[in-house]
Amino acid sequence: MDRTFQVDLRGIVDLLSHHLYASPRVYVRELLQNAVDAITARRAADPAAPAMIRIEPPDVTGDGTLRVLDTGVGLTEEQVHQFLATIGRSSKRDDLGFARHDFLGQFGIGLLSCFLVADEIRVLTRAADGPAVLWRGYGDGRYSVETGPGHHRAEVGTTVTLVPRRDAEEWLRRPAVVELAGLYGSILPFRVEVAGVPVSGDGLPWLSGAAGRRERLSEYCREIFGFVPFDVIDLRVPAAGLTGVAFVLPTPANPAARAGHRVYLKRMLLAEGAEGVLPPWAFFARCVVDTSELRPTASREALYEDSLLEAVREALGDQLRGWLMQLAGRNPRRLGEFLDVHHLGVKALALHDDEMLRLVERWWPMETNTGRMTLADFRAQHGLVRYAAQVDEFRQIGAVAAAQGLPLVNAGYSYDTEIIERLPQVEPGALIERVEPGDLSTAFDALEPEVELAKRPFVQLAQRALDRLGCEVVLRAYDPAGVPAMYLTSRSANFAAELRATRERVDEVWADVLDALARTDEQDRSQLVLNYRNPLVRRVTELPDEELVRLAVEGLYGQALLLGHHPLRPADAALLNGSFLGLLNKAVGRED
């Protein structure tokens, strides 16, 4: 035997207030929406029909209630039973013979949201050539329908009366109603009044006249977003019935922060902070749009994610991209100012957009060891684009590489490495080479054979001092002569060092496994490259005291770690401390 569901209206209202709607204030939007749809339906049959929505707060009604009057199509008694008392009914639009496309409402929850602020809802409505009908609904799920001479309404239309809940009176008072009606209905095409004062009629700000348009839109941006825009970009997607503007932020934006945009649906405010309207890389812009085709979510506080929204997002991205290309062609100085602020967004786009990659190559100056310059200028001067993939690596080797005549780009900042590595895909003649600190030793000069032979005992002694740290000692000659030593490493050397450190901490079973792996990486060792052109290093190589040589080499090792911004392991810190105290003890002599 089939049975029907029993619905607890108070439970439904609680569900709406805590899980569907962000705030009780949406009741004003739902009342405006129903009134707008009713007027739209009436005007479809009679274009000359009046179009007015009047809201009377409690200080006007005088009985503590709030009334919303419209000149819409109205309902018959049958339609009142059918639509006002059935939760989840899609809406009256289709049943009245009108296309859903013309209306704001989609989900039939509508009037139910008013129970967020009211214990009782009264709907007095009259359709053309029909009597007035009074519907009363209560928060506990009861309702009644009455007709007859005792319920009079002369004009076609509907009056909704809300009897407030004891904890919701503030939502129905004039200040709150004026604010909310202006927020949701300021650009509606119909006249909306609160206590006789109009709150609509502003129209779409971006469709205003050309004279002074930029100034008006800048002021509009300041009012709704709180900033004066760097620039204003017109947006239009006819397939979605979308028009609007994007405002470029004048200050850097956090790429990880969710950008909120203002969205109107058929000129009714849908959301003040809608996400996903623009592509993720366009975090430098905030937009205001009105659309007639995009679908709202059930709460009508966000856009429904579907193929049309994805197409709109792509189309708006193309328009922002076009603005950037036009800026590069017409006003390079202005583009430079924009990139100074929002280069992260443009570089993120360049990862998958060839035109943006060319724009970044030509206009965005990167840090190099020969000064800031664009990749295009770097290629023109040096041909091969050598780059360090991490900022610390560039700091370690940048100055020394410049002294060896090796121009180097610092690609350690966000997206720079990926941009350089993608460059040959759009510029087939582009040559790139990633440089690691360990590669730099190949650019240093080897010593004369007789000098290298004479210094071999010193190198062996220095190697014994650093063997326990997994570091190889190399004696080379390089510029600048003021640098006594460099600590050079690589990703494979760092991995090998981590492997050795982990092997010392684990049990025997895992130690055997790691031993097998470590044997494949025996050649991957960091290097301490001592500079034979440095006077201090030359004197150290000539010291007769083996203990003093050990302390000096350990001190040079520690200094190279610090100058290269390398992290200090516990063993490194202990060695640095020991060498300092040992050298100090040598300097002051032993106590008699």
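Strand β4 (132-138) is mostly covered, with five of its seven residues buried. Buried here means under 20% relative accessible area, exposed over 50%, and partly exposed in between (1.4 Å probe, protein chains only). Strands (E, at least two residues) and helices (H or I, at least four residues) are DSSP runs, numbered from the N terminus. The model is a predicted one, in which local features need pLDDT of at least 70 and side-chain atom pairs count only at pLDDT 80 or more, while totals for chains, interfaces and linings use all residues. Residues are numbered from 1 along each chain as its sequence is written, and side-chain values use heavy atoms, with hydrogens and water left out.

The chain has 21 helices and 21 strands. Of its 592 residues, 47% count as buried. Contact means heavy atoms within 4.5 Å. Among contacts between residues at least 6 apart in sequence, 66% join residues at least 24 apart.

Strand β4 has partners in β3 and β5. Two strands pair if DSSP finds at least two bridges between them. β3 (118-126) runs antiparallel to β4, and seven bridges join them. R126 stands opposite A132 in β4. Five residues lie between the strands of this hairpin. One of the loop residues is D129. Its phi is near 60°, a positive value in a residue other than glycine. D129 is exposed, at 83% relative accessible area.

On to the next hairpin. β4 pairs with β5 (residues 143-147) in the antiparallel sense, over five bridges. R136 has S144 of β5 as its bridge partner. Four residues separate β4 and β5. In the turn, G141 has a positive phi of about 105°.

T161 belongs to strand β6 (residues 157-164). This residue counts as buried, at 9% relative accessibility. Neighbours within four places in sequence aside, T161 is in contact with T65, L66 and R67, and also with E120, I121 and R122.

Burial in helix α4 (residues 77-84) includes Q79, V80 and F83. These residues cover an arc of only 105° around the axis, which puts them on the same side of α4. The arc is that of the directions from the helix axis to the C-beta atoms. An α-helix has 3.6 residues a turn, so residues three or four places apart point the same way.

Helix packing was examined next. Axes are lines fitted to C-alpha atoms, for helices over the stretch in contact, and angles run from 0 to 180 degrees between N-to-C directions. Helices α9 (residues 307-330) and α11 (residues 354-363) pack at about 35°, their axes 11 Å apart. The crossing is left-handed. That term applies if the near helix is turned anticlockwise from the far one by less than a right angle; clockwise gives a right-handed crossing. R321, L324, M325 and A328 of α9 meet E355, M356, L359 and W363 of α11. By class, the contact has six nonpolar, no polar and two charged residues. Ala, Val, Leu, Ile, Met, Phe, Trp, Tyr, Cys and Pro count as nonpolar, Asp, Glu, Lys and Arg as charged, and the others, Gly among them, as polar.

Helix α16 (residues 456-466) packs against α20 at about 65°, with the axes 9 Å apart. α16 passes α20 in a right-handed crossing. From α16, the contact involves F458, L461, A462, A465 and L466. From α20, it involves E546, V549, R550, V553, E554 and Y557. Eight of the contact residues are nonpolar, none polar and three charged.

Helix α20 (residues 546-563) also lies across β19, β20 and β21, at about 65° to β20. These three strands form an open sheet of mixed pairing, in the order β19-β21-β20. β19 (471-476) and β20 (485-488) are the edge strands, each with a single partner, so one side of each is left without a neighbour in the sheet. On average, neighbouring strands are turned by 20° against each other, direction ignored. β19 runs parallel to β21 (residues 526-531), and six bridges join the two. V473 has L528 of β21 as its bridge partner.

The loop between β19 and β20 holds P480. A cis peptide bond joins D479 to P480, with omega about -5°. H565 is not a glycine, yet has a positive phi of about 60°. Its relative accessible area is 45%, and H565 counts as partly exposed.
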